[in-house]
Amino acid sequence: MELHVALQKSFGAFSLDVSFTVRGERIGVFGPSGSGKSTLVSLLAGLQQPDNGIIRLDGELLYDSHDATNIPPEQRRIGIVFQHPYLFPHMSVKGNLLYGYKRSAPANRRIDFDSLVAVLQLDHLLSRGVHNLSGGEKQRVAIGRTVLSSPRLLLMDEPLSALDDTLKFQIIDYLKAASEAFRIPYLFISHSLLEMRIMADRVLAASAGRIEAQTTTEDLARSRMGLSPVGYINLLQLAHPRKVDGMSAYAWGGTELLISADGDHPESLFELSSKDIILIKQHPDAISARNLLDCTVSGTFRSGGKVGVELACGDGRLVAEVVQQAACELGIEIGSRLFAAIKASAFRRLG
Ligand code: ADP
Ligand code: MG
């Protein structure tokens, strides 16, 4: 997918003025509340008119103020998933889903109803009214309805923001499954860096009506490490734990990580803050932290006065953070050997 946008739109005191070209399948738009993300979504989808500018998607002009090109929303083949599901209350789940299907021109329909129902696991809900669905089920139906319109681009405007953590990670799996199964590129919009990390590869950083930078989610996370109270969040997908002394032992990077037990999940995503990794120069005799990893420094970076330290621990990779003084005392440079101490309780299960 290639999207070229140069748009201006003003409402009273707020003005949106963006110009970017982005290529990829999993694009993020990251920015605080009020930075103009939803305005950008509605301009791209054709729900609002820009004051000026151009929108080109995969070489096709959707809007151009110079020659009055303005493809109507239903012909843009851009689907939107909103924060709230907005289902039709008088229709069943199946009716809601089919609405999306019927809305697309027959020649463009490339997603088959049964496959969609299978991917989003909606089979048992089809005949239900939408009133007695849970919040997560409603969001799944809304995603299904949008996907069934066979969009060539999906705009996801904070689709996880109204969900609690458990539900959020379930919906993430469905969003990923649907976009991968049906090969739909998307713009994932959020103010959550964690969601960006999970959903996007490239990111447009929005601030005060501008797109200030285009970067990778990894670089965005690193650049914010020293400014964020939670530091850099290491994300670890771990599976099939063994029980050890009331903790869970997971294979990771050619070694094992001991994590405070948290139930029986075959697979889990854990977060570990860069602030929760203690770096030590020499192997201690004994230590209360249950993880002591033999690591090599593979890189360093700076962020907000802190030093980010990339660690290679076998095949595993972690980012730790230290202050400059500690970096000097530890003699941190590429290739130096360090031990990383991490408490079993420092890992938090996300989903
Ligand atoms: P975000 O989605 O990043 O939170 P929005 O695009 O919703 O930001 O809003 C950006 C700014 O534009 C806000 O200050 C908002 O109040 C203003 N705004 C958005 N839509 C309208 C509108 N239709 N009329 C007037 N102001 C609007
Ligand atoms: Mg918004």
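How far is a polar backbone atom of Ser35 from an oxygen atom of ligand 1? I looked it up in this predicted model, and the distance is 3.2 Å.

**Conventions.** I number residues from 1 along each chain as its sequence is written, and chains are lettered from A and ligands numbered from 1 in the order in which they are written. In this predicted model local features need pLDDT of at least 70, side-chain atom pairs count only at pLDDT 80 or more, totals for chains, interfaces and linings use all residues, and side-chain values use heavy atoms, with hydrogens and water left out.

**Ligand 1.** I counted a polar contact as a pair of N or O atoms within 3.5 Å; within protein, one must be able to donate a hydrogen and the other to accept it, and residues adjacent in sequence count only if both atoms are side-chain atoms. Gly34 has a backbone N or O atom 2.7 Å from an oxygen atom of ligand 1. For Gly36, a polar backbone atom is 3.0 Å from an oxygen atom of ligand 1. Taken alone, ligand 1 exposes 560 Å², and the protein buries 57% of that (Shrake-Rupley method, 1.4 Å probe; for residues, only the protein chains shown count as cover).

I then listed the residues around ligand 1, among them Phe11, Phe14, Pro32 and Lys37 (one heavy atom within 4 Å). The shell divides into three nonpolar, six polar and one charged. My classes are Ala, Val, Leu, Ile, Met, Phe, Trp, Tyr, Cys and Pro as nonpolar, Asp, Glu, Lys and Arg as charged, and the others, Gly among them, as polar. With three residues, α1 gives the most to this shell; helices (H or I, at least four residues) and strands (E, at least two) are DSSP runs, numbered from the N terminus.

**Cavity.** On a 1 Å grid over the protein atoms alone, a cavity is a set of points where a 1.4 Å probe fits but cannot get out; a pocket is an open set with protein on both sides within 12 Å along at least five of seven lines, and lining residues have an atom within 4 Å of a point. Grid points are joined across faces, edges and corners, and a volume is the space filled by probe spheres set on the points.

I searched the whole structure and found one cavity of 30 Å³ or more. The largest cavity holds about 40 Å³ of space. β2 (14-23), α1 (37-45) and β11 (210-216) are the elements that give two or more residues to its lining. Ser35, Gly36 and Lys37 are among the lining residues, and these three are also among the residues around ligand 1.

**Largest pocket.** Its volume is about 470 Å³. Of the 20 lining residues, Phe169, Asp173, Gln237, Leu269 and Gly351 are the closest to its centre. Which element supplies the largest share of this lining? I found α6, with seven residues. The lining has six nonpolar, six polar and eight charged residues.

**Strands.** I took two strands as paired if DSSP finds at least two bridges between them. β12, β16 and β22 form an open antiparallel sheet in that order. The edge strands are β12 and β22, each pairing on one side only. Phe270 stands opposite Arg349 in β22.

In the hairpin of β18 and β19, Gly304 takes a positive phi near 55°.
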